[in-house]
Amino acid sequence: MEALNASFVPSPHIPATPAKVLRKSQFLHFQFCSKPSSFVQSYDRNKSSSKILTTLSSSVSTETSDPTEPALETDSQQETIDWYAQWYPVMPVCDLDKRVPHAKKVMGLDLVVWWDRNENEWKVFDDTCPHRLAPLSEGRIDQWGRLQCVYHGWCFNGSGDCKFIPQAPPDGPPVHTFKKACVAAYPTTVQNDIVWFWPNSSPEYKDILSSKKPPYIAELDDPSYIKTMGNREFPFGYEILIENLVDPAHVPYAHFKLLPGPPAKNRVKLDREGGAPIDITINKLDKEGFHASRFGGITNFMAPCVYKSAFSLPPKNGNEPQRRGLLLFFCVPVGPGKSRLIYTFPRNFGVWMDRIMPRWVFHLWQNRILDSDLYLLHLEERKIMEVGPTNWQKACFVPTKSDAQVVAFRRWLKTYSGGQVNWGGKFSGVLPPTPPKEQLMDRYRSHVVNCSSCSLAYKSLNALEVALQVISFGSIGAVAATKQNAMSAAARTSLVLMAILCFAASRWLAHFIYKNFHFHDYNHALL
């Protein structure tokens with residue numbers, strides 16, 4: 001998954017032995033395969049044997065042979081994370097239409113995201129009208145900039161206060177001022193061009209932004225960096241999403257032929273894909289996440305949502321600044337078996353491509369990468385739930401350092417949250433049933449409708465398909481309706497040829513639209 005940017009940016013492979021200069025092909029590998037492609041030494045929770053381990057599996061517990069390796073730092077009290085006392089990313093601003101309210105779900109909460117033009121701010125409310133519990137996301141923003149429920153017309157301002165009840169007599173009691181007429185308004189902010197919210201509407205958290213802010217990524221506000229964003233909904237949970245993102249070893253296999261494999265120079269490829277050992281080092285793990293390092297860059301899991309991998313490349317010539325970039329993944333827990341990914345790859349080089357090409361072109365390739373392991377991750381999650389998420393260490397055999405970041409994340413999750421997201425009793429723990437594969441991997445519902453660039457491209461391409469068919473049938477009709485002596489043979493031939501070409505183009509375009517905006521299956525055995 002981390003290779004999403006392969007469509008437009010090179011990325012470096014992390015060689016087994018450090019090299020002074022990373023070749024361009026190595027950079028390509030890093031940008032796609034870097035989750036980040038390096039390292040992880042996990043640590044033993046027992047202080048008496050706190051040497052770095054290479055696995056958490058109960059069936060194997062191999063300590064490193066070097067006793068001088070530093071022990072990983074952990075919280076002494078090992079507090080439990082409060083999942084409803086965190087900032088969560090909701091959506092990129094670029095994919096939100098200010099004209100309409102948007103329905104979203106985060107941490108099992110049904111939300112409505114809308115633009116309050118009176119305060120010039122994005123707002124996040126509970127997606128429930130207090131009148132008859134209708135979804136406010138199905139409503140509209142009225143001419144006074146209020147959020148209006150479509151069911152009976154109740155209107156709310158940016159603070160969640162009810163400002164108008166059409167059914168209430170003007171000379172009657174002001175029922176719209178009653179507390180029960182208000183909507184729960186969550187603390188909301190926009191940072192790094194992403195809407196964030198705090199999932200607790202209690203008055204004590206009204207000013208939470210002054211004491212605790214979302215993770216800040218300076219590069220996203222740096223004008224010298226390009227930062228094309230994307231988002232995708234997944235039919236597997238937050239735990240599986242992050243576990244997959246921090247795992248570099250799966251890239252040459254699960255994304256075969258979509259992403260460049262590790263360079264084979266100075267080593268023998270032992271299989272078709274060319275997988276190789278990856279050395280990863282975890283430097284610190286605590287309640288706030290973990291830090292890791294590897295040659296070529298560093299990574300940071302900022303709990304509970306942000307995974308950041310930084311890298312740098314030498315300048316092409318002495319007059320250029322050092323080329324730097326990030327892989328940024330904002331991982332959103334939606335509900336059991338459901339998650340959302342917001343991703344971007346800010347960098348200070350190769351920016352011209354993003355400026356001349358629309359986002360949807362990049363998303364075509366990136367969605368192919370995301371789809372190539374989507375189905376197996378969906379099934380994997382169900383197998384983990386069968387054995388129980390708290391038994392992950394016993395069920396999974398992870399004896400190599402390439403799994404180190406996966407191990408570190410699972411250790412963090414078990415230490416500070418009992419091995420899984422705490423949904424506050426909202427769910428029974430049973431995953432939703434598996435739908436047909438075509439529905440499970442439907443790009444239209446999981447991405448296109450949520451992406452302003454792809455939805456516009458989808459409408460435009462469909463309109464072009466219809467136009468081609470109209471030209472095709474119109475040309476045939478013109479030939480059929482014209483008397484033979486009224487049109488030259490060359491003109492008739494030209495019209496028939498144009499009709500054939502337009503019809504063939506419309507059929508190709510229909511296939512292109514379906515394959516790139518609806519469903520693209522993968523059979524890894526036949527690649």
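## A first look at a phenylalanine

Is Phe345 buried or exposed? Phe345 is buried: its relative accessible area is 3%, and under 20% counts as buried. Please keep in mind that this is a predicted model.

## Rings that meet

Phe345 has an aromatic partner, Phe329. A pair of aromatic rings is described by the distance of the centres and the angle of the planes. A search of the whole structure turns up 23 aromatic pairs. In the pair made by Phe329 and Phe345, the ring centres are 6.0 Å apart and the planes stand at 80°, so this pair is edge-to-face; the cut-off for that label is an angle over 60 degrees.

Where do the two rings sit along the chain? Phe329 belongs to strand β19 (residues 323-335), while Phe345 is in the loop between β20 (338-344) and α4 (352-356), so their pairing ties together parts that are 16 residues apart in sequence. Phe329 is buried too, with a relative accessible area of 0%.

Trp423 and Phe427 make another edge-to-face pair, because their planes are at 85°, with the ring centres 5.6 Å apart. Here the surroundings of the two partners are worth a look. Trp423 is buried, with a relative accessible area of 13%, whereas Phe427 is partly exposed, at 34%.

The charged end of Lys98 sits over the ring of Trp115, 4.1 Å from the ring's centre.

## An empty space inside

Now for the gaps between atoms. Rolling a probe the size of a water molecule over the atoms shows where empty space is left. How many cavities of 30 Å³ or more does a search of the whole structure find? The search finds one, and the largest cavity has a volume of about 50 Å³.

Its lining is made up of Pro389, Thr390, Trp392, Gln393, Arg410, Leu413, Lys414 and Gly419. The elements giving two or more residues to this lining are α7 (392-395) and α8 (404-417). Helix α8 provides the largest share, three residues. By type, the lining of the largest cavity has three nonpolar, three polar and two charged residues.

How values were computed. Residues numbered from 1 in each chain as written. Predicted model: local features only at pLDDT ≥ 70, side-chain atom pairs only at ≥ 80, totals over all residues. Heavy atoms only, no water. 1 Å grid on protein atoms, 1.4 Å probe; cavity = no way out; pocket = protein on both sides within 12 Å on 5 of 7 lines; lining within 4 Å. Points joined across faces, edges and corners; volume = space filled by probe spheres on them. Helix = DSSP H or I, 4+ residues; strand = E, 2+ residues; numbered from the N terminus. Nonpolar A, V, L, I, M, F, W, Y, C, P; charged D, E, K, R; others polar. Phe/Tyr/Trp six-rings, centres within 6.5 Å; stacked < 30°, edge-to-face > 60°. Buried < 20%, exposed > 50% of the residue type's maximum accessible area, 1.4 Å probe, protein only. Lys NZ or Arg CZ within 6 Å of the ring centre and 35° of its normal.
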